[in-house]
Amino acid sequence: MPDSAAALRPRGTASVSSGSLYKAVWRWHFYAGLFSMPVLLTLSGTGAIYLFDTQIEEILYRDDYFVEPPNTAMKSASALRDAITIGEEEQLITYFPPAAPNRSAAFSLLYDRNKIRNVYVNPYTGAALGEIKSDARIMDTIKRIHALEIFGGFANRLVECVAGWTVVLFVTGAYLWWPRSAWRTALSVRGRPVQRTFWRDVHRVIGIAAGGVLCLQAVTGLPWSRVWGEISQRLIDATGQGIPPMVRNDRPQSTGDARAVDIGLDRVVAIAEEKEFPPGYGVSIPSTPQGVYTIMNLIPDDPAGQRVVHIDRYSGAVIEDIAFSAYGAASKIREYGYAWHQGNLLGTANRLLLLAACVSVWALAATGIVMWWKRRPERGGLATPPLADRREARLVFAITALVSLAFPLTMVSLLVLAAMDACVSALRPERRTPGVQP
């Protein structure tokens, strides 16, 4: 009969599992999880909801978004515009034609400097269906919680820290999981739920299955962060790999004088149809005499469909027609990253895969807590994994630091955590116990 304890050792040899290098990796894996898991739980919980933002909003705002198509033609864009009420302190900024026969038309109005009021109208009758203000949209609140912006600028920077720690978690976890001998059992779960080995194996299998996707989510979410996002954008622009300025900010000018006549919104919609813009596009309304109409399709599921066309408001001439092909290579990669991160790139399959990854974060947290609870010391305490020899500890720290170089705020938090660990170890020397397993 084989020894039952030996049968339930980590997937390697006893010398490896009790080795100093193994303990050093385990210690940093523990710290990475302890530091990042509270934020990761928030990100995954809100992210799982936001993956289905379109579907959720179609339920919440069904009366605003949908109409019953009659056997009549839709009214013109200008007629719908004339049917809405625009306040004295408001400015009409965007028109969204109906995306389907059973969908409403929408107008965005700017008020109070940077707030937006979206007004929805029946495209067949011009009747008002309702309105949604930007600061009252439920999914916008979920998005702000997801980015931790709702808690202030410092909290938002934690997202960037945790992105780097997520990569550290995966790298160290992969080392702890890596089979040294029996690959056929690499994804098996041994033992029973009453044993720590069972929870350790469940934790490892979930981590290795979902870790790659979670790392990809962490990296593709970084462009929204303040420090990493701003630095990377500057590098992209400096190397000529950015998005053409006229796509978002640097708008061209119309050429007409004071006697010129505006071509009108209906003509712009006709131009969009001539240029075969897909359903879901919007028309930006000029706010100055020299402004332009802009037909834009900036958030399609496939980034390759992004396109912006600037129209002279007096002559109707196309000033600029900018397609996705005009983007720099780095910007194209970034846009595909956005689409993947939000679950749009591959449709339902993309969303379900990311949903599974979000659920796995909660499963990893739960199994990690159970593992810690089962090995906690009777005298109490954090039950930090045992200290490794200094040489191995320094090696693992150096490798962790190299992984963190791509994440400035993660590197800062790594140095702080290492200093705290050194202080605690100096004040409360820990016995270097061989053979202790996660």
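This is a predicted model: local features need pLDDT of at least 70, side-chain atom pairs count only at pLDDT 80 or more; totals for chains, interfaces and linings use all residues.
**Notebook: contacts, surface and cysteines**

I began with contacts (heavy atoms within 4.5 Å): among those in the protein with a separation of 6 or more, 65% join residues 24 or more positions apart. Residues are numbered from 1 along each chain as its sequence is written, and side-chain values use heavy atoms, leaving out hydrogens and water.

Next I looked up the secondary structure, which comes to 15 helices and eight strands (DSSP runs numbered from the N terminus: H or I of at least four residues for helices, E of at least two for strands).

Then I turned to burial. Of the 438 residues in the protein, 45% are buried (under 20% relative accessible area; exposed is over 50%, partly exposed in between, with a 1.4 Å probe and protein chains only). The protein exposes about 22,800 Å², and carbon and sulfur atoms supply 61% of that (Shrake-Rupley method, 1.4 Å probe; for residues, only the protein chains shown count as cover).

Which residues make a nonpolar surface patch of about 230 Å²? I found Leu21, Leu395 and Ile399. Leu21 sits in helix α3, residues 20-50, and is partly exposed at a relative accessible area of 31%.

Last, the cysteines. I searched the whole structure for disulfides and found zero (cysteine sulfur pairs within 2.5 Å). Cys161 is buried at a relative accessible area of 9%, and Cys358 is buried at 14%.

Conventions: Patches are made of residues with over 30% relative accessible area and no salt bridge: like charges are joined within 9 Å, nonpolar side chains (Val, Leu, Ile, Met, Phe, Trp, Tyr) within 5 Å. A salt bridge is a side-chain nitrogen of Lys or Arg within 4 Å of a carboxyl oxygen of Asp or Glu.
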